[in-house]
Every structure is written in structure tokens, then in C-alpha cells.
Amino acid sequence: MTDLRAGTPGRVPPEHIRMRSETADDGFRVGVAIDAASHGSPLLLGVAWIRPGTERVSWQAEADAHETYYIQQGRISVAWQGENEGEIEIGPGDSFYFPPGRIYSVENVGDDEVFLVWSVTPSP
């Protein structure tokens, strides 16, 4: 059995990932593996799945947090607003980063399900 007490190092098996949010059609699912509740950590670490054909999902990065994403499987389009707004398409092995407060959106642009790993870290 894995010890998941706050502050204790240890493995987080897939069955311990908690669902954080899902779109109404279950096309975009976000799970949390490590956070303050499970490990007493200021870091959020999780995974997400985006089915092909799911509508673009948009949100705003927290005002005091840096967000990073690593694409394990599939292709996504990432768009952001504000200074230097833009859009890129990325795939397996690519990462992307958003500074605090950035408004952005993500869409699966491929034929396969997207699987990505994400982290949110407070600003120093």
C-alpha cells in the first residue's frame, strides 16, 4: 500500500489520480495526482485527456502560478491572448508554458486522444 500522507515521499499509482474536472460531454477530463490535500505540496501535478472532436476549452492561469504542460500522446492547438498573443500546434514530446494570469485555450486537432501531463507551481 502506498503511503499518501502529506509530506511523505512515495509513488502515486494511477488509481489514486482524482478527477478535477470534466466537460459536459466527457471529452476533456482533468485529473490531479499531487496537490496540497494529498501531499501538502504547493505544486499541482496532474494529467488530462482530450478526445478528438471535443470543443476548444479555454481558461485563465492563476494570478500567482506558472503552468507547464507536456504532451505524451496526440496533437493540440494552444492559443493565448494578451501581449504577444498567438497560437501553436504541438505534439508528443513537446511542452508549453504559461506565465501567471495568461488567458489560453486548448483543442485536440488530431484523430487520436490527447494525453498530457500538467503542473501548476506558485510564483516565487
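Predicted model: local features only at pLDDT ≥ 70, side-chain atom pairs only at ≥ 80, totals over all residues.
I'll start with the core, move to the strands, then finish with the charges and one threonine.

So, the core. The largest nonpolar core has 21 residues. Which residues have the most contacts inside this core? They are Ile-76, Phe-96, Leu-116 and Trp-118. Several strands give two or more residues to the core: β2 at 28-34, β3 at 44-50, β5 at 65-73, β6 at 76-80, β8 at 95-98, β9 at 103-108 and β10 at 114-122. Of these, β10 gives the most, with four residues. As background, nonpolar side chains in soluble globular proteins tend to be buried together.

Stay with Trp-118 for a moment. Set aside its neighbours within four places in sequence. Trp-118 then touches Val-30, Gly-31 and Val-32, among others. Its contacts also include the run Leu-44, Leu-45, Gly-46, Val-47 and Ala-48. Arg-20, Thr-68 and Tyr-69 are on the list too.

Now the strands. Start at β1, residues 18-22. β1 pairs with β2 in the antiparallel sense, over four bridges. Within this pairing, Glu-22 stands opposite Arg-29 in β2. How many residues lie between β1 and β2 in their hairpin? Five, and one of the turn residues, Asp-26, has a positive phi of about 65°.

Next, β2. This strand is mostly covered, with five of its seven residues buried. On to β3: β2 and β3 are antiparallel as well, over six bridges. Here Val-30 stands opposite Ala-48 in β3. Both Val-30 and Ala-48 are in contact with Trp-118.

Is β3 open or enclosed? Five of its seven residues are buried, so β3 is largely enclosed by the rest of the structure. β3 also pairs with β10. The two run antiparallel, and seven bridges join them. One example: Leu-45 has Ser-119 in β10 as its bridge partner.

Let's turn to charges. The count comes to seven salt bridges. In general, side chains of opposite charge can pair when their charged atoms come close.

Pair one is Arg-18 with Asp-35, at 2.3 Å, N to O. Arg-18 sits in strand β1, and Asp-35 in the loop between β2 and α1, the helix at 36-39. They are 17 residues apart, so this pair links distant parts of the chain. Which of the two is buried, and which is partly exposed? Arg-18 is partly exposed because its relative accessibility is 34%. Asp-35 has 9%, so it counts as buried; the limit for buried is under 20%.

Pair two brings back Asp-26. Its side chain meets that of Arg-51 in a salt bridge, 3.2 Å from N to O. Asp-26 is in the loop between β1 and β2, while Arg-51 is in the loop between β3 and β4, 57-60. That is a separation of 25 residues. Both count as partly exposed: Asp-26 has a relative accessible area of 24%, and Arg-51 comes in at 37%. Which residues does it link? Salt bridges connect Asp-26, Arg-29, Arg-51 and Glu-113. Arg-29 is the residue we saw opposite Glu-22.

Glu-89 belongs to strand β7, residues 86-90. Arg-75 lies in the loop between β5 and β6, and 14 residues separate the two. Glu-89 is partly exposed, with a relative accessible area of 47%. Arg-75 is partly exposed as well, at 35%.

Last stop: Thr-54. Where does Thr-54 lie? In the loop between β3 and β4. Is Thr-54 buried or exposed? Buried, because its relative accessibility is 6%. A polar atom of its side chain lies 2.9 Å from the backbone oxygen of Arg-51. So what else does Thr-54 touch? Leaving aside neighbours within four places in sequence, the contacts are Asp-25, Gly-27, Phe-28 and Glu-107.

To recap. β10 gives the most residues to the core and joins β3 through seven bridges. Arg-51 bonds with Asp-26 in a salt bridge, and its backbone oxygen faces the side chain of Thr-54 at 2.9 Å. That's my tour.

Note on methods: Residues numbered from 1 in each chain as written. Heavy atoms only, no water. Core = buried A, V, L, I, M, F, W, Y, C linked by side-chain atoms within 4.5 Å. Buried < 20%, exposed > 50% of the residue type's maximum accessible area, 1.4 Å probe, protein only. Contact = heavy atoms within 4.5 Å. Pairing = 2+ DSSP bridges. Salt bridge = Lys/Arg side-chain N within 4 Å of Asp/Glu carboxyl O. Polar contact = N/O pair within 3.5 Å; in protein donor to acceptor, adjacent residues only side chain to side chain.
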